[in-house]
Structure formats: structure tokens, C-alpha cells
Amino acid sequence: MYLTILMCNSTIMLITRIDSALQTPMYFFLSNFSLVEICYVTVTIPRMLMDLCTLKGNISIFACATQMCFILMLGGTECLLLTAMAYDRYVAICNPLHYSLVMNHRICTQLVAACWISVIPVVIGQTYQIFSLPFCASNRINHFICDIPPVLKLACGDTFVNEIAVYIVAMVFVMVPFVLIIFSYCKIICSILKLSSAKGRAKVFSTCSSHLTVVVLFYGTAGITYLQPKPNQSERIGKLLSLFYTIFIPTLNPIIYTLRNKDIMVALRKLLSKLVG
């Protein structure tokens, strides 16, 4: 599955760069999203594979903090990139005459840079805050990654402030982007319904459905993990959800985006024909 994620996302990045038909803001964001996915799974899966092979599962505090920091940073970047992609679709469908002006290359680059940079100070601060807590109980993390809920359970003393900080950050980087995406798609749906051509409506729905599917899968699992009250959190369900958004969703994302997108399928056929020829 790890090799599949690497291969599929690398292919998307390659074809969006070399195919002139895919030199648009939508595919620029998709290329960056694929890069985030590669980084995200590389932070978690190789470590899991090593633990499965060695059957040891030992990790230092520094390595655990580093893994948590990168998981949160890349997860937050993914949330913001999905929001930028929704905004791109909103401008393209609701304001098509202003699209080339609003979504020029400079604006797109600035949006992507903001998605990457804005999460860094918040995540570093939160990771430092969590690992500054005293850990005097068990040293066994009942999880396969260093995520916030299982690490907080090992801390001694009052973790109320840390939990509040987690909820605030989750609201800012999960719920607010999700609300903006839903608002964008409400506007998009209203615009689509005004189209007189059934073929035109079907084409727009096809373009947006892949992005909306990824949004529902990713935000659904991430929201349950980080916004659920601590007493209600089941460790088994938590591990299952983490497995879902760290492995299964990144595996499904390239498939969703390629199979539901005619432009990418055409670009793939052109690339394959060049390689075979």
C-alpha cells in the first residue's frame, strides 16, 4: 500500500507538470496535495513497517515528538489545501469570467505557501506543550503512531489546558476549513442547478465529486479523532480511525482523483503511449 501511494501520487505530480493541458490552478493544487500525501505517509508507514518487522516497537521521546509534529503539520496542510481546492472550484464555476484574473499563478503559489507555512508555528508550539508534560505513568503508547490522544493518556497531572488547546487548534484547522468548503459547495451546487445544459451539469458534478469525496473521508475521520471528548474516546476505535486516515485514505485519494477525472486519464494514456513507443 505504501508503494502504491508513492507510485500513484508521484505519477499525478509528473503528469501535472509535463502535460500542457493540466497546467491549470486545479491541477497545481492537486500536485501539491499529492506531495503532502507522500510526505504524510512517509512519516508514519515506514516506522510501522519497521516495528512490524522487528516486533520491538521502541521509540525515543524525541522521535515520538518529531513524528507527532510532522503528522499534525502535514495533516493541517492537507486540510488547508483541500480548502484552497474548494475555493478554486468555487471561482471557476461561480465566477468564470474572473477566474484567470483571481486564480493567477502568483495567487495560487501564495495560497499553497500559506497552507504549508501557517501551520508550522502552531504545530511546533502544541507539540512542545504536550511533551513538556510529566510522563510518570506507563511508557507504553497504546497505538501504532505518536498521535495526540494516546500520548496525552500517558501524562501525569492535569491535561485540561492541553486538551483545550487541541480543541482550539482542531476547530481552526479542521472545522473552519470544513465549513468554508461546505459553503463553497453550496454556492457551486446553486450555480450548477442554474445551468440549462444537462451535459454541462454532469461535467461540473463529475469535476467536483472527486474532491468532495476526499473531503468527506478525510474531515470525517480527523474530526472524530481530534474533536471527540476524551472520556468518550475508545482506544480501539481511535486506532481504527487513525489507520483509516493515515493509510487507507491516502491509498484511495489518487484512485478517486484519476478514475473520476477525464483530463488525468487522457494525460495518463498519453504518458503510457510515449513510454511504450
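**Close-up 1. Six aromatic pairs are found in this predicted model.** Rings of Phe, Tyr and Trp (its six-membered ring) pair if their centres lie within 6.5 Å; planes under 30 degrees apart count as stacked, over 60 as edge-to-face and the rest as tilted. Phe218 and Tyr219 make an edge-to-face pair, 6.0 Å centre to centre with 90° between the planes. Both Phe218 and Tyr219 are buried (under 20% relative accessible area; exposed is over 50%, partly exposed in between; 1.4 Å probe, protein chains only). Together with Phe178, they form one aromatic cluster.

**Close-up 2. Phe244 and Phe248 pair within helix H10 (residues 235-259).** The two sit four residues apart, about one turn of the helix. Their ring centres are 6.1 Å apart and their planes meet at 65°, so this pair is edge-to-face. Phe244 is partly exposed, at 30% relative accessible area, and Phe248 is partly exposed too, at 34%. Helices here are DSSP runs (H or I, at least four residues), numbered from the N terminus.

**Close-up 3. Helix H11 (residues 262-276) has a buried side.** Here you can find Ile264, Ala267 and Leu271, the buried residues of H11. Seen down the helix axis, they fall within an arc of 65° (taken from the directions from the axis to the C-beta atoms), so they line one face. The face turned away from them carries the exposed residues Lys262, Arg269, Leu272 and Val276.

**Notes on the values.** Residues are numbered from 1 along each chain as its sequence is written, and side-chain values use heavy atoms, leaving out hydrogens and water. In this predicted model, local features need pLDDT of at least 70 and side-chain atom pairs count only at pLDDT 80 or more, while totals for chains, interfaces and linings use all residues.

Definitions and conventions: Expected span 1.5 Å × (residues − 1).
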